[in-house]
Amino acid sequence: MSTSTQAYGSLPSATFDRLSARFQPIFDEIAKGAVARETGRLLPVAEIDTLKEAGFGALRVPVDQGGGGASLPDLFRLLIALSAADSNITQALRGHFGLSEDVVNGRDAARKARW
């Protein structure tokens with residue numbers, strides 16, 4: 001039988017703690033309007049812009065390249081926290097994180113530099 005920490009691959013890290021402290025207040029603000037957006041069929045454009053401005057889209061980019069330096073388990077934990085606030089936003093960002101993961105793990109240096 002496995003535990004939830006084994007399912008994630010590692011225990012929360014110092015990087016996760018740093019990133020969680022940075023983004024949890026944003027998630028809390030997002031959560032305040034989630035029901036109104038859902039019932040009003042409103043797109044979370046401003047909320048996604050706030051996350052973008054805070055660097056959420058660069059979580060997996062190495063710190064020395066201006067990103068958050070998150071591991072995959074760190075990213076997954078942050079996405080779970082964002083989903084608790086508003087799962088529609090996590091769904092909206094999944095294509096972005098798919099591409100960013102491909103770029104971060106790619107071997108083409110020119111492509112990495114471009115993105």
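Which helix gives the most to the lining of the largest pocket?

1. Basis. This is a predicted model, in which local features need pLDDT of at least 70 and side-chain atom pairs count only at pLDDT 80 or more, while totals for chains, interfaces and linings use all residues. Residues are numbered from 1 along each chain as its sequence is written, and side-chain values use heavy atoms, with hydrogens and water left out.

2. Largest pocket. Helix α5 gives the most to this lining, with five residues. The lining includes Gly 57, Pro 62, His 96, Lys 112 and Trp 115, and the space in the pocket is about 280 Å³. Lining residues have an atom within 4 Å of a point on a 1 Å grid; a pocket is an open set of points where a 1.4 Å probe fits, with protein on both sides within 12 Å along at least five of seven lines.

3. Helix α2. The 19 residues of α2 (residues 14-32) should span 27 Å at 1.5 Å a residue, and the end C-alpha atoms are 27 Å apart, which agrees. The expected span is 1.5 Å times one less than the number of residues. A kink of about 35 degrees lies at Phe 23, shortly before Pro 25.

4. Packing of α2. Phe 16, Phe 23 and Ile 30 are among the buried residues of α2 (under 20% relative accessible area, 1.4 Å probe, protein chains only). The buried residues pack against α3 (34-40), α4 (45-53) and α5 (72-105).

5. Glu 101. This residue of α5 is buried, with a relative accessible area of 17%. Beyond its neighbours within four places in sequence, Glu 101 is in contact (heavy atoms within 4.5 Å) with Arg 60 and Leu 72.

Note on methods
Helix = DSSP H or I, 4+ residues; strand = E, 2+ residues; numbered from the N terminus. Bend = angle between axes of the 7 residues up to and from the residue. Buried < 20%, exposed > 50% of the residue type's maximum accessible area, 1.4 Å probe, protein only. Points joined across faces, edges and corners; volume = space filled by probe spheres on them.
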